[in-house]
Amino acid sequence: MALFVRLLALALSLALGPAATLAGPAKSPYQLVLQHSRLRGRQHGPNVCAVQKVIGTNRKYFTNCKQWYQRKICGKSTVISYECCPGYEKVPGEKGCPAALPLSNLYETLGVVGSTTTQLYTDRTEKLRPEMEGPGSFTIFAPSNEAWASLSAEVLDSLVSNVNIELLNALRYHMVNRRVLTDELKHGMTLTSMYQNSNIQIHHYPNGIVTVNCARLLKADHHATNGVVHLIDKVISTITNNIQQIIEIEDTFETLRAAVAASGLNMMLEGNGQYTLLAPTNEAFEKIPTETLNRILGDPEALRDLLNNHILKSAMCAEAIVAGLSVETLEGTTLEVGCSGDMLTINGKAIISNKDILATNGVIHYIDELLIPDSAKTLFELAAESDVSTAIDLFRQAGLGTHLSGSERLTLLAPLNSVFKDGTPPINAHTRNLLRNHIIKDQLASKYLYHGQTLETLGGKKLRVFVYRNSLCIENSCIAAHDKRGRYGTLFTMDRVLTPPMGTVMDVLKGDNLHLRGDHLHLVLWALLDQAKTAKELANILKYHIGDEILVSGGIGALVRLKSLQGDKLEVSLKNNVVSVNKEPVAEPDIMATNGVVHVITSVLQPPFNRPQERGDELADSALEIFKQASAFSRVRCLLAPVYQKLLERMKH
């Protein structure tokens, strides 16, 4: 129970942040993760931390809450081990790690934390050991023994062959001439090393990972009498070039170099800041069609968007990625960065071929595939990545392809592939005109559409926008996915083929679209007349079939209560793609008119108050007048029609 209370308190502190507590400064992400590990290990005794070890490796991590339950690091399974928290040790016969480590100088502390190789190399220099054992206050980022062992023979030979220059300088670069604890290690800061005042880059990520020149902090804050030791997982080296200089000298960036120069981004990439460049190699550029590449390279705005989509707003070292996370590019696109074992992934693809190339103003990861943002694509290219390929083929067959690949400002209303599951219409004059009415003569964004707005199509039609609680529709067709905004055009993915209005409600009623067999017509006719005694009662029945707003089937959701002109509300529902009104199924929904929409039903709806009565001789004239008035309204109407065109003719006779 006590453990649960402590975990709950930790969760609240993480959720509420620094403002949640008045006692003392806020803990850093590293300290919070360490605190969580300590709480998870407390059942094994005081100062015991739970550590996650990746199976089959020596990689260990203090655990946060999410990782504790998932038991995975970069998709690899982990096991939990329990170790003494930093700064503590076991005592024979005692539970846990009750004793604080005795303080000694920096040199001796290196051995305690597992960096005996650093001790060994310190001994080989003439000056460094006395300094580490003497007075002062220093910080040393000490590579683990494994880190030294992973160096190439060539690099190691260059260090040990000249111990009082190369090795001494390398060790001094790992040192800072003052005590720096983890609560001072802020994201994006630089520390001045003891080698020629060269900078060391520090990054402190929200998941508790701390990196030093992209080397991960393994165990931190080991106090010494003359400073502090932090154990890291790599041997770090000085950083001399900025991002632009690295692009200039690497042969694999020849195309990128030309693109950066043409876009004018070279000034930013050689300036101050901390960026991550996902640098496309020559091979990445070669993978896209020549026509697409030439179009983007020849369009300054599209080129700048392309390159900005490869730049993150802050430095992101590979060691910071232990699970999937979303990051934003300078272009504004969100990328999903993850890892699978030792490989980094972008949007689920393992396209990073070389990682953690450090620059003075950030870090570079080589990628072998271009990340083309929507803002640099044509409508054709946007559609290629969407579930609308069938519709795009129809536009191409209808001779409308130039509109989708050119520089016109347009919005394409493209129905989903599933809309055509029963086949596609033949390409003829009617189909071409219908498809032209799926292209709006402006580049729109759905977030700026409003109820009652009209949109002009290439076919000359005026389409209306309907905003409902859970859907956004253009005439009878509703938007089924987020916009894709391209260089000149925007793609709206629609849930059905759009049918533009072809006349008023009365025109629809007079037309041949409402099909009803003769026998059924007589049944509906007598049902209407049997329910009304006077013209007023018939008027109420008919008004009960007219809603006071346009409601298309895509705007229904599960259930909508629609107010009728009679005053009572109709219950309109949608289940298994079948629209029902007062539980009566709609035979033909969404017949669009310029002043409303008609839904064909197969029975007469009875207002709640209505009772069957004798019919009067004036009923037919009254019914005809009501529908003439209703269909002439300029304001929107929703008509529930038991096929009234022929019905009214019969009633007149």
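Entry 1. I searched for aromatic pairs and found that the structure, a predicted model, holds four of them. I then looked up where the two residues lie. Tyr 121 belongs to helix α5 (residues 116-124) and Trp 148 to helix α7 (residues 145-149), so the pair ties together parts that are 27 residues apart in sequence. I noted both Tyr 121 and Trp 148 as buried.

Entry 2. I turned to Phe 466 and Tyr 468. Their ring centres lie 6.4 Å apart with the planes at 45°, so this pair is tilted. Phe 466 and Tyr 468 are both buried.

Entry 3. I looked for charges over rings. The charged end of Arg 216 sits over the ring of Tyr 61, at 3.9 Å from the ring centre. I also found the charged end of Arg 487 over the ring of Tyr 488, 4.5 Å from its centre.

Entry 4. I traced an open sheet of four strands, which run in the order β22-β21-β28-β27 with mixed pairing. β22 (439-440) and β27 (484-485) are the edge strands; each has a single partner strand, so one side of each has no neighbour in the sheet. I found β27 paired with β28 (residues 489-494) in the antiparallel sense, over two bridges. Lys 484 stands opposite Leu 491 of β28. Helix α17 (residues 389-397) packs on the sheet and touches β21 (410-415) and β22. I recorded about 120° between the directions of α17 and β21.

Methods. Residues are numbered from 1 along each chain as its sequence is written. This is a predicted model: local features need pLDDT of at least 70, side-chain atom pairs count only at pLDDT 80 or more; totals for chains, interfaces and linings use all residues. Side-chain values use heavy atoms; hydrogens and water are left out. Two strands pair if DSSP finds at least two bridges between them. Contact means heavy atoms within 4.5 Å. Axes are lines fitted to C-alpha atoms, for helices over the stretch in contact, and angles run from 0 to 180 degrees between N-to-C directions. Rings of Phe, Tyr and Trp (its six-membered ring) pair if their centres lie within 6.5 Å; planes under 30 degrees apart count as stacked, over 60 as edge-to-face and the rest as tilted. Buried means under 20% relative accessible area, exposed over 50%, partly exposed in between (1.4 Å probe, protein chains only). A charge sits over a ring if NZ of Lys or CZ of Arg is within 6 Å of the ring centre and within 35 degrees of the ring normal.
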